[in-house]
Amino acid sequence: MTKVLLIILFSVFFSTTFGQIEKIEITFIGNCGFFLTDGNLNLYVDFPYKSGAHDYMTYNSSILDSLNDHSVFLFTHGHSDHFNKKLFKKTHQKLYGPWPVRAFLSKNKKYTFQELNDSLKTFSIQKFRTKHVFTFQHYSYLIVWNSKRIFISGDAETADAIFKIKNLDLVFCPYWIIKDAQSRNLTLDTKQFILCHLRTNDHVTTDNPDKLIIPKQNQKIELK
């Protein structure tokens, strides 16, 4: 009886432990800024940015004092509502993004694309050159992390890049991407969307909150 009980407890422990490792927790900071973690790897997307830039969302500066150590910082482009070089330099960490983001940063502050892929065992990334007005270079990204397929659109102008990728678990995108897909009858193959790049006073509703998540600032969302 004791042996059977130990086997059951052993199985429960390992299923719980591996479940915790595979779960990704997402915190919405503002604009297209998110913090993602599985408890081992920490990822910031399009943060730090200039608070309130272009009349988009502000955030409490205390967030900058509590950034997680040994994190990866990923940027879609260099506009100030997505990236603030001065604030990033204070983090003493490393980033990846298109060349306008990486320009004028020392080598110890930035990854090459190959370094980013090689350094992380449970994480791989593909980049897509996507169009965004008034920027020299803009990337969208497909991340595979703990077997979850996550697409980050940034400020891409159309749904073209997402439409070509199948079997996604989650898409981060602004509302205009969804409207573009609807206007052209494009079906985007993802289990969930997280809407981003809303202004503080924007009001968007959905009749399917499990499919289309409209996050509030500092809200935590679990991707299992």
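L36 has L43 of strand 3 as its bridge partner. This pair belongs to a predicted model. Strand 2 (residues 33-37) and strand 3 (residues 42-45) run antiparallel and are joined by four bridges.

The largest nonpolar core contains 65 residues. L36 and L43 are among the residues with the most contacts inside this core, together with I26, L74, I143 and F172. Nonpolar side chains tend to be buried together in soluble globular proteins.

Strand 7 (residues 139-145) is largely enclosed by the rest of the structure, because six of its seven residues are buried. Strand 6 (residues 123-129) and strand 7 are antiparallel and joined by seven bridges. Within this pairing, R129 has Y139 of strand 7 as its bridge partner. Strand 7 also pairs with strand 8 (residues 148-152), again in the antiparallel sense, over five bridges. Here V144 stands opposite R149 of strand 8. Two residues lie between the strands in the hairpin of strand 7 and strand 8. In this hairpin, N146 adopts a positive phi near 50°.

Helix 7 (residues 175-183) has a buried side. I177, I178, D180 and A181 are buried in helix 7. These residues lie on the same side of helix 7, because they cover an arc of only 160° around the axis. An α-helix has 3.6 residues a turn, so residues three or four places apart point the same way. The exposed residues Q182 and S183 sit on the face of helix 7 turned away from the buried side. The packing partners of the buried residues of helix 7 are helix 6 (160-163), strand 9 (168-173), strand 10 (190-195) and strand 11 (212-213). Just after helix 7, N185 takes a positive phi of about 55°.

Methods:
Residues are numbered from 1 along each chain as its sequence is written. This is a predicted model: local features need pLDDT of at least 70, side-chain atom pairs count only at pLDDT 80 or more; totals for chains, interfaces and linings use all residues. Side-chain values use heavy atoms; hydrogens and water are left out. Buried means under 20% relative accessible area, exposed over 50%, partly exposed in between (1.4 Å probe, protein chains only). Two strands pair if DSSP finds at least two bridges between them. The arc is that of the directions from the helix axis to the C-beta atoms. Contact means heavy atoms within 4.5 Å. A nonpolar core is a set of buried Ala, Val, Leu, Ile, Met, Phe, Trp, Tyr and Cys residues joined through side-chain atoms within 4.5 Å.
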